[in-house]
Amino acid sequence: MIKELLNKMKTGELKPGVYAATNEKNENVVVMTLTDNHIVTYTMQQNDWIRINEYDAEGNMIGETYEKWNKKMSKMQIRI
């Protein structure tokens, strides 16, 4: 998925921005396309943790961190 997003950005089909999706585990995913060579994803996991992955221009993961997800946050706060 990440390599496909990077290719779409390089061709101009996709602009840098923030996008929301759902993954195969039915978890909410926020994708931030910062530039055509850097993408960050935030996955709201079912175990109440947010997994944050960073990818380089080739689609390789260059970082992964976790934060505790406060479910009391509104949906709007989560999507930002």
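For these entries I count Ala, Val, Leu, Ile, Met, Phe, Trp, Tyr, Cys and Pro as nonpolar, Asp, Glu, Lys and Arg as charged, and the others, Gly among them, as polar. The model I am reading is a predicted one.

I looked up the largest pocket and noted a volume of about 160 Å³. I then listed its lining, which consists of Met1, Ile2, Ala21, Thr22, Asn23, Glu24, Val29, Thr41, Thr43, Arg51, Asn53 and Tyr55. The elements that give two or more residues to this lining are β1 (17-22), β3 (38-44) and β4 (49-55), and the largest share, three residues, comes from β4. Sorted by the classes above, the lining residues divide into five nonpolar, five polar and two charged.

Entry on the sheet. I followed the strands next and found an open sheet of five, in the order β1-β2-β3-β4-β5, with antiparallel pairing. The strands at the edges are β1 and β5 (61-68), each of which pairs on one side only. I also noted that neighbouring strands of this sheet are turned by 20° against each other on average, direction ignored.

Entry on one strand pair. I looked at β2 (residues 28-35) and β3, which run antiparallel and are joined by seven bridges. For valine 31, I found that the bridge partner in β3 is threonine 41, and Thr41 is also one of the residues lining the largest pocket.

How values were computed
Residues are numbered from 1 along each chain as its sequence is written. This is a predicted model: local features need pLDDT of at least 70, side-chain atom pairs count only at pLDDT 80 or more; totals for chains, interfaces and linings use all residues. Side-chain values use heavy atoms; hydrogens and water are left out. On a 1 Å grid over the protein atoms alone, a cavity is a set of points where a 1.4 Å probe fits but cannot get out, and a pocket is an open set with protein on both sides within 12 Å along at least five of seven lines; lining residues have an atom within 4 Å of a point. Grid points are joined across faces, edges and corners, and a volume is the space filled by probe spheres set on the points. Helices (H or I, at least four residues) and strands (E, at least two) are DSSP runs, numbered from the N terminus. Two strands pair if DSSP finds at least two bridges between them. Axes are lines fitted to C-alpha atoms, for helices over the stretch in contact, and angles run from 0 to 180 degrees between N-to-C directions.
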